[in-house]
Amino acid sequence: MQEENNFRGNSLSGRDKAHLWHPLTQHKLSPDLLAIVKAKGAILYDEGGKEYIDGIASWYTSMYGHCHPYIIDKITLQMQQLDHVIFSGFTHEPAVKLSEALIRILPGNQQKLFFSDNGSTATEVGIKMALQYHYNRGNDRKVMLAFEEGFHGDTFGAMSVSGLSVYNGAFEDHFIEVTRIPVPTGKNNEDVIKSLKDKIAGSNIAGFIYEPLVQGAAAMKMHDPAGLDEILKLCKENEILCIADEVMTGFGKTGKNFASEYIPTKPDIICLSKALTAGVLPMAVTSCTQEIYDAFYSDDISKGLFHGHTYTANPLACTAALSGIELLISEEIQQDVQRVMNLQATFLKKLKGHQKVKNLRQLGVILAFELDVHMERYGNMRDRLFKFFMERGVFLRPLGNTIYILPPFVITNDQLAKIHDSIEEALQEF
Ligand SMILES: *Cc1c(COP(=O)(O)O)cnc(C)c1O
């Protein structure tokens with residue numbers, strides 16, 4: 001026992017505890033954190049040498065696999081050429097090339113790109129664009145519209161519009177004003193539209209922020225594209241700017257480059273991060289239409305968007321993003337997307353009708369369902385499931401009793417089969 005403690009004390013997991021404070025963690029209730037020392041493709045290696053299949057692409061970022069040689073080589077070359085330069089007053093090739101590559105794949109109405117550092121700042125910028133767009137045009141519009149269970153990040157504007165703010169009690173008095181509607185399920189579309197019409201009549205809504213088709217943090221909840229299209233149409237008719245938060249859904253995961261491609265009405269603003277930089281470096285982009293840009297374009301300096309982060313458009317992060325997009329549109333990765341989608345669809349068929357499987361759903365490579373068991377019997381279901389899969393060398397991150405897989409596109413057939421097998425084992429065990 002003594003020895004084991006010493007071993008743990010010298011391990012990274014043990015040393016971690018002295019100074020590190022982890023995200024979304026109540027440290028008093030949380031077990032020791034696993035130290036990862038290496039990653040390759042879809043595999044993570046811990047400090048004891050054990051391997052885990054990364055079934056959620058490290059929070060939906062590493063879609064082309066960890067340490068992809070193409071991306072690493074490009075960043076290495078860029079690093080020797082230009083590591084960083086201020087983006088206020090200067091520009092550089094990686095940013096210019098990335099802008100051209102992104103505009104080529106974004107919905108056709110997107111014209112201008114604004115850089116920031118992460119998903120929260122991407123939505124924060126989107127919200128500020130919407131509010132200042134109306135301010136610059138002399139419109140009295142200060143309220144944001146959002147979905148009830150949306151998640152848009154952890155900075156103040158992003159927290160305000162997030163419906164999942166059960167842990168944000170300390171800050172609620174400082175939130176911007178937000179009004180909410182439920183997601184359209186297909187069955188409730190008429191009610192949602194009616195509720196939206198009431199809200200439009202009763203408040204000055206500046207913008208609508210939404211995760212198109214899949215709400216990641218709400219446990220991969222999926223909604224109805226036709227219903228979302230109706231909402232977007234109604235917003236557009238009422239000069240409410242539509243902000244698609246594609247931080248999670250972007251870059252191929254839904255089977256198309258962007259979830260917004262499934263919906264005829266296009267957003268005015270799109271927020272991108274996570275897989276934007278292929279899981280290698282942190283960066284975000286908020287894109288918008290020419291019309292929005294024009295509302296800030298003026299002889300009056302104060303009409304500009306005075307938002308800026310020190311590492312804006314870091315050349316290395318831009319290079320990671322550019323290489324990621326080159327991979328995404330390559331035939332090889334497009335074939336991988338189809339292959340993983342097909343394997344997930346086959347697994348979905350297998351799970352269909354299972355008595356413990358509820359709300360089974362798939363979009364693109366994302367597959368999710370609720371494990372319908374008496375949760376009380378297992379204490380904290382999430383922790384039990386997490387441990388169950390990790391013991392089998394599979395990294396999944398269940399949310400409550402929702403189990404979902406969002407694998408890297410490059411996951412091999414065998415690796416994905418192992419994830420599927422471990423889920424079937426879980427269905428027997430619990
Ligand atoms: C993860 C996420 C964010 C926040 O991104 P961070 O990089 O964690 O700040 C915002 N919106 C959505 C939809 C996300 O999935």
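Q: How many residue pairs are in polar contact across the interface of domain 1 and domain 2?
A: In this predicted model, eight residue pairs, both partners at pLDDT 80 or more, are in polar contact across the interface of domain 1 and domain 2.

Q: And which elements supply the domain 1 side?
A: Those giving two or more residues to the side of domain 1 that touches domain 2 are the helices α3 (57-60) and α12 (331-351), together with the strands β13 (357-363), β14 (366-371) and β16 (402-405). The largest share, five residues, comes from α12.

Q: What kinds of residues are on that side, nonpolar, polar or charged?
A: On the side of domain 1 that touches domain 2, 17 residues are nonpolar, six are polar and three are charged.

Q: Stepping back, where does each domain run?
A: Domain 1 is made up of 12-67 and 331-429, while domain 2 covers 69-329. Their centres, taken over C-alpha atoms, are separated by 26 Å, and the contact takes 26 residues from domain 1 and 28 residues from domain 2.

Q: How much area do the two bury between them?
A: Domain 1 and domain 2 bury about 2,100 Å² between them, and 69% of that lies on carbon and sulfur atoms.

Q: Which residues in domain 1 lose the most area to domain 2?
A: Tyr60, Tyr64 and Leu363 do, and together they account for 32% of what the domain 1 side buries.

Note on methods:
Residues are numbered from 1 along each chain as its sequence is written. This is a predicted model: local features need pLDDT of at least 70, side-chain atom pairs count only at pLDDT 80 or more; totals for chains, interfaces and linings use all residues. Side-chain values use heavy atoms; hydrogens and water are left out. Domain bounds come from an automatic or database domain assignment. Contact means heavy atoms within 4.5 Å. Buried area is the accessible area (1.4 Å probe) that two parts lose on being put together, summed over both. A polar contact is a pair of N or O atoms within 3.5 Å; within protein, one must be able to donate a hydrogen and the other to accept it, and residues adjacent in sequence count only if both atoms are side-chain atoms. Helices (H or I, at least four residues) and strands (E, at least two) are DSSP runs, numbered from the N terminus. Ala, Val, Leu, Ile, Met, Phe, Trp, Tyr, Cys and Pro count as nonpolar, Asp, Glu, Lys and Arg as charged, and the others, Gly among them, as polar.
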